[in-house]
Amino acid sequence: MENFLQYKNVSFFYQTKDNEIQALNNLDFSVKQDSFASLVGPSGCGKTTILSLTAGLLKPSSGEITINGEIVNKHDGKVGYMFQRDQLFEWRTIWQNITLGLEIQKKNKDHEKLERANELLKKYDLYNFKNKKPRELSGGMRQRVALIRTLMLEPALLLLDEPFSALDFQTRLLVCDDVYDIIKREKKTALLVSHDISEALSMSDRIIVLSSRPAQVKQVLDLNFEGKTPLAKREDSEFGRHFETIWRSLTNENQTTSKIFSDT
């Protein structure tokens, strides 16, 4: 598989009222087409900044970001974004929520696109709920609706910013399986930000471990769980070993950061 998303020597500085803060420092990593990658790192290291840069919502201070060989310089619809909460509108039906993007683009009378909306609802067991309101659905079903709404705009790349953090643990396990299955079946490339190492491991083909701010790539782990579901991966004998590798990397990072602050 070719590299679909590529970061080349990307740095980013935030301008504040009083000074300049460097969030990213010569960041280099790649995500292959049709694969699922995750970013993990210390809190505040710049993971969400990376998603914003990838979506074209921010511009790098230096370096280059490409998607499918084209430089990212604005938000142009190639990227779909799933947030920490599902962002469904409670006063709209499920059908009205998933077709919202088409409505904004004035494509909500396009027969082919509306038929695709129906197909996705049927495919992922939501068709019988199309006239329901979001409050009538479980947390897991709401996340499926949010993902289908994103898929309706046919993005080349999906960005997921801790999309399961608002769910309880048991629901998260089930929803991870659902979302992973949909992304793989729809053959989408995805990049997840998560503070949960187990969640990232269970979802990913590649883990990118970041240092503290300004973020650099400390480690890249390529995983091979032979097509297992996220839930099945957690039971794999290699899962614990990978978890410990990432945990040690992040623990060492936190200890180093704490020492730096204690010495200043």
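**A tour of the aromatic rings**

Start by selecting Lys130 and Trp95: the charged end of Lys130 sits over the Trp95 ring, 4.4 Å from its centre. A charge counts as over a ring if NZ of Lys or CZ of Arg is within 6 Å of the ring centre and within 35 degrees of the ring normal. Next, show Lys122 and Tyr127, where Lys122 lies over the face of the tyrosine, at 5.0 Å from the ring centre.

A note before moving on: this is a predicted model, with local features needing pLDDT of at least 70 and side-chain atom pairs counting only at pLDDT 80 or more, while totals for chains, interfaces and linings use all residues. Residues are numbered from 1 along each chain as its sequence is written, and side-chain values use heavy atoms, leaving out hydrogens and water.

Now for ring against ring. The whole structure holds 6 aromatic pairs (Phe, Tyr or Trp rings, the six-membered one for Trp, with centres within 6.5 Å; planes under 30 degrees apart are stacked, over 60 edge-to-face, the rest tilted). Select Phe89 and Trp91, a tilted pair at 4.9 Å centre to centre with 45 degrees between the planes. Phe89 is partly exposed at 30% relative accessibility, and Trp91 is exposed at 61% (buried is under 20% relative accessible area, exposed over 50%, partly exposed in between, with a 1.4 Å probe and protein chains only).

Finish at Phe225 and Phe239, a tilted pair with 6.4 Å between centres and 45 degrees between planes. Phe225 is buried at 6%, and Phe239 is buried at 7%.
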